[in-house]
Structures are given as C-alpha cells and as structure tokens.
Amino acid sequence: VRLLDAITAVITRTPEVWHLYAVLCDAMGNGELSRDLMMKEVRALMGGEWERTQKQVERVCGAAGRVAERCLADGSKRSLTSARMLLTSVLHGASAHFEECEAVASLRAVEARVQVATAALRASAPA
C-alpha cells in the first residue's frame, strides 16, 4: 500500500494505477477507500477530450458504472450523492456525441437505479 501511495503521489493521470490501487484496497477489505480510488480512476479517464471518441466514452462509462454499483451497494446518503454527481457529469459528456452507445444506455439504467435508491432513502428518513 505504501508503494502505491508513493506512485499515486507522482502519477496522478494514469487510470490503470488508480484501478490497481482500488482493487488492492478492496481485497484488503477497505471498501470506502477503494470506492474513492475508483472515483479517481474515472476522473483520470475523463482527461482531455474523452467525450469525442467512442472507445474512451465506453471506458469512462464502464468505470463510472462500477463506482455507481459500489455506491448502490453501500446505500448511504453520501455514497448515493457521490454516485448521482458522478453519473450526471459522465452522462452529460458522453451523451453529447454518443447517446445511442450501449455503454451510455447501460449507465442511464444505473442512474435510474441510483435515483430510485435515493428516493427510497429520503422516504425512509425521519421527518
């Protein structure tokens, strides 16, 4: 873990590094840190003009979908809020040129599930 801390302090724009770090933290049972690192992976993938190529849109949508699924599994207000913000950002960029892409459609389905979970959480909150 210390090695990956040192690597990510220097290499911040390489999504593969963030992905590997997230997998390691997940394997060690640190799901919250893993989710945060997965978010960094998505942000690294969103560098440049990511929304202009279908391959990059698919990569970003796939990574964002994994983060959102993790947030859904957690189910906390913080996690669901993070997922909603991430999905809004990714879908805004991705749908500009690739609305019909299967990865975008899949991410929209995850977004709908996050909205349902958020509504259920709000409904169950004490008044």
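Predicted model: local features only at pLDDT ≥ 70, side-chain atom pairs only at ≥ 80, totals over all residues.
Q: Is cysteine 101 buried or exposed?
A: Cysteine 101 is in no disulfide, and the nearest cysteine sulfur, that of cysteine 61, is 6.4 Å away. Buried means under 20% relative accessible area. Cysteine 101 has 6% relative accessibility, so the residue counts as buried.

Q: How many disulfides does the count come to?
A: The cut-off for a pair of cysteine sulfur atoms is 2.5 Å. Across the model, the count comes to zero.

Q: Which element gives the largest share of the largest nonpolar core?
A: This core has 36 residues, and Val42, Cys61, Val90 and Val114 touch the most other members. Two or more residues come from each of α2 (15-27), α3 (31-45), α4 (54-74), α5 (77-98) and α6 (102-124). The largest share, nine residues, comes from α4.

Q: Which residues does cysteine 61 touch, not counting residues up to four places away in sequence?
A: Cysteine 61 is among the core residues that touch the most other members. Leaving out residues up to four places away in sequence, the contacts of cysteine 61 are Val90, Ala94, Ala103, Val104 and Leu107.

Q: With which side chain does that of serine 79 make a polar contact?
A: Serine 79 lies in helix α5 and is buried, with a relative accessible area of 1%. Not counting residues up to four places away in sequence, serine 79 touches Arg35, Cys71 and Asp74. The polar contact, at 2.5 Å, is with the side chain of aspartate 74.

Q: How far apart in space are glycine 47 and threonine 14, C-alpha to C-alpha?
A: Glycine 47 sits in the loop between α3 and α4 and is partly exposed, with a relative accessible area of 30%. In sequence, glycine 47 and threonine 14 are 33 residues apart. In space, their C-alpha atoms are separated by 9.8 Å.

Q: How many residues apart in sequence are the parts that glutamate 16 and arginine 59 tie together?
A: Glutamate 16 forms a salt bridge with arginine 59, with the closest N and O atoms 3.1 Å apart. Glutamate 16 lies in helix α2 and arginine 59 in helix α4, so the distance in sequence between the tied parts is 43 residues.

Q: Is glutamate 41 buried or exposed?
A: Glutamate 41 meets arginine 66 in a salt bridge (3.6 Å, N to O). Glutamate 41 is in helix α3 and arginine 66 in helix α4, so this pair ties together parts 25 residues apart in sequence. Arginine 66 is partly exposed, with a relative accessible area of 40%. With a relative accessible area of 7%, glutamate 41 is buried.

Q: Which helix holds arginine 113?
A: The side chains of arginine 113 and glutamate 69 meet in a salt bridge (2.6 Å, N to O). Arginine 113 is partly exposed, with a relative accessible area of 43%, and glutamate 69 counts as partly exposed at 33%. The pair links parts of the chain 44 residues apart, with glutamate 69 in helix α4 and arginine 113 in helix α6.

Note on methods: Residues numbered from 1 in each chain as written. Heavy atoms only, no water. Core = buried A, V, L, I, M, F, W, Y, C linked by side-chain atoms within 4.5 Å. Buried < 20%, exposed > 50% of the residue type's maximum accessible area, 1.4 Å probe, protein only. Helix = DSSP H or I, 4+ residues; strand = E, 2+ residues; numbered from the N terminus. Contact = heavy atoms within 4.5 Å. Polar contact = N/O pair within 3.5 Å; in protein donor to acceptor, adjacent residues only side chain to side chain. Salt bridge = Lys/Arg side-chain N within 4 Å of Asp/Glu carboxyl O.
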